[in-house]
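Colleague: I would like to go through this structure with you, one question at a time. Please keep the answers plain.

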Amino acid sequence: MVNYFDSARSAELYERGRPFYHDEALKAVAEAEGWTRPVANALDVGCGTGLSTRALLPYARRIIGLDASPAMIARAPADPRIRYRVAPAERLPLVSERIDLLTLSEAFHWLDQPRFLEEAHRVIRPGAWFLVYGGGIRGVMDEVPEFTPWMREVHLARYPEPPRHPPFEPENGPPFGFEPVREGRYEKAVPMTAERLADFFLSVSNTLQYLGDSGESPETHRQFLVRELLAFYGGRPDRIRHLRFGGRFHLLRRV
């Protein structure tokens with residue numbers, strides 16, 4: 001599976017373009033399960049530039065953020081309670097540490113899934129939590145319904161999704177050593193200008209694949225995207241629209 005995020009350019013686009021909505025997934029689970037005290041140790045796998053790792057701060061006293069891309073880790077913000085490490089999800093660099101909460105955000109479809117699940121089972125202590133959640137733009141702009149067909153008919157037609165593995169689906173049979181506890185959806189309305197939304201689109205695998213195949217510059221496509229998006233902003237670069245981000249979450253427990 002191609003890693004579209006393992007370069008300095010991809011990490012720069014990711015840091016500039018990705019909004020923070022991961023906290024909504026953690027809030028939804030914490031409220032449903034009645035989590036009132038932080039666990040001792042949490043591990044965030046496939047952490048990118050640390051957005052999903054920061055979402056763990058209210059829920060764990062010590063946190064490890066892990067990603068296979070050194071360029072991504074280099075752009076993760078420092079925090080005294082977070083340690084970042086470079087390693088693949090299929091070879092977690094933990095020997096004696098045991099994890100009370102492992103999270104995986106928007107990354108399962110990029111992994112060697114059986115190997116990762118074996119590693120997750122190895123490092124999570126018995127009875128502890130395993131949270132997998134997907135996410136992304138939902139194709140909805142609160143103020144402008146016409147944005148939804150544009151996403152489908154223009155954006156995805158120009159920048160189709162690259163090949164990827166299936167998403168996490170425990171209803172097809174729970175992973176060995178884990179029992180499903182809860183699943184649900186989460187969503188957050190993120191305020192964005194047209195330029196901010198264009199930066200987001202430049203950070204996703206669809207566009208990164210296109211840039212790699214075509215050899216064209218990100219700025220060329222940013223200009224195209226801004227021109228297209230301004231139609232939904234009344235031509236005003238300073239106008240704010242609210243984009244819906246979110247997805248599904250699956251909470252499991254190691255048996």
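Colleague: Is the crossing of α1 and α8 left-handed or right-handed?

Modeller: In this predicted model, helix α1 covers residues 8–17 and helix α8 covers residues 205–214. They pack with their axes 12 Å apart, at an angle of about 145°. The hand of the crossing of α1 and α8 is right-handed.

Colleague: How many residues of the contact of α1 with α8 are charged?

Modeller: On the α1 side, the residues are Arg9, Ser10 and Leu13. On the α8 side, they meet Leu208, Leu211 and Gly212. Arg counts as charged, and Gly is counted as polar. The contact has three nonpolar residues, two polar ones and, as for charged residues, one.

Colleague: How many residues of strand β4 are buried?

Modeller: Strand β4 spans residues 99–105 and is mostly covered. Buried here means under 20% relative accessible area. Of the seven residues in β4, the number buried is seven.

Colleague: Which residue in β4 is the bridge partner of aspartate 44?

Modeller: Strand β1, residues 39–45, runs parallel to β4, and four bridges join the two. The partner of aspartate 44 in β4 is threonine 103.

Colleague: And in β5, what is the bridge partner of leucine 104?

Modeller: Strand β5, residues 124–133, pairs with β4 in the parallel sense over six bridges. In β5, leucine 104 has as its bridge partner valine 132.

Colleague: Which helix belongs to the β-α-β unit with β4 and β5?

Modeller: β4 and β5 are parallel partners. The β-α-β unit they belong to is right-handed. Its helix, residues 113–123, is α5.

Note on methods:
Residues numbered from 1 in each chain as written. Predicted model: local features only at pLDDT ≥ 70, side-chain atom pairs only at ≥ 80, totals over all residues. Heavy atoms only, no water. Axes fitted to C-alpha atoms, helices over the stretch in contact; angles between N-to-C directions. Left-handed = near helix turned anticlockwise from the far one by under 90°. Contact = heavy atoms within 4.5 Å. Buried < 20%, exposed > 50% of the residue type's maximum accessible area, 1.4 Å probe, protein only. Pairing = 2+ DSSP bridges. Right-handed = clockwise from strand over helix to strand, strands pointing away.
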